Amino acid sequence: MHDFSDKIVLITGAARGIGKAIAERFAQANATVLILDLNREAIDHTVSDLRDAGHQAFGYEANVTDARAIEELFANVVKEHGKIDVLINN
């Protein structure tokens with residue numbers, strides 16, 4: 001995988017399974033990984049695992065089927081991180 005230093009990668013459904021594996025791969029490529037999922041406990045666990053491995057990771061709880069929640073999430077992400085370079089809809 002290419003070097004994703006200074007890139008912000010948001011991955012939906014990223015707290016478990018394939019989404020978590022994608023997040024781990026981008027983190028290994030030096031991306032700042034934003035974990036989006038419905039399950040707060042799983043989000044916190046995945047973010048903790050990534051940070052413990054020395055990666056930049058942040059967790060967000062939202063339902064992608066809720067347009068208002070996604071608008072709010074996007075506003076918060078831009079406020080906190082400035083941009084999203086890569087979006088993985090898992």
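User: Which residue lies over the face of Phe58?

Analyst: This model is predicted. Over the face of Phe58, at 5.1 Å from the ring centre, lies Arg51.

User: In what order do the strands of the open sheet stand?

Analyst: Strand S3 (57-61) and strand S4 (86-88) each have a single partner strand, so they stand at the edges, with one side of each left without a neighbour in the sheet. The twist averages 20° from one strand to the next. The 4 strands pair in parallel, in the order S3-S2-S1-S4.

User: Which residue in S3 is the bridge partner of Asp37?

Analyst: Strand S2 covers residues 32-37 and runs parallel to S3, with 5 bridges joining the two. For Asp37, the bridge partner in S3 is Glu61.

User: At about what angle to S3 does helix H3 run?

Analyst: Helix H2 (residues 40-52) lies across S2 and S3, at about 175° to S3. Helix H3 (residues 67-81) lies across strand S1 (8-12), S2 and S3, and its angle to S3 is about 160°.

User: What is the geometry of the aromatic pair that a search of the whole structure finds?

Analyst: The search finds 1 aromatic pair. Its members are 22 residues apart: Phe4 in the segment before S1 and Phe26 in helix H1 (residues 17-28). Both count as buried, Phe4 at 17% relative accessibility and Phe26 at 9%. Their ring centres are 5.0 Å apart and their planes stand at 75°, over the cut-off of 60 degrees, so the pair is edge-to-face.

Conventions
Residues are numbered from 1 along each chain as its sequence is written. This is a predicted model: local features need pLDDT of at least 70, side-chain atom pairs count only at pLDDT 80 or more; totals for chains, interfaces and linings use all residues. Side-chain values use heavy atoms; hydrogens and water are left out. Two strands pair if DSSP finds at least two bridges between them. Axes are lines fitted to C-alpha atoms, for helices over the stretch in contact, and angles run from 0 to 180 degrees between N-to-C directions. Contact means heavy atoms within 4.5 Å. Rings of Phe, Tyr and Trp (its six-membered ring) pair if their centres lie within 6.5 Å; planes under 30 degrees apart count as stacked, over 60 as edge-to-face and the rest as tilted. Buried means under 20% relative accessible area, exposed over 50%, partly exposed in between (1.4 Å probe, protein chains only). A charge sits over a ring if NZ of Lys or CZ of Arg is within 6 Å of the ring centre and within 35 degrees of the ring normal.
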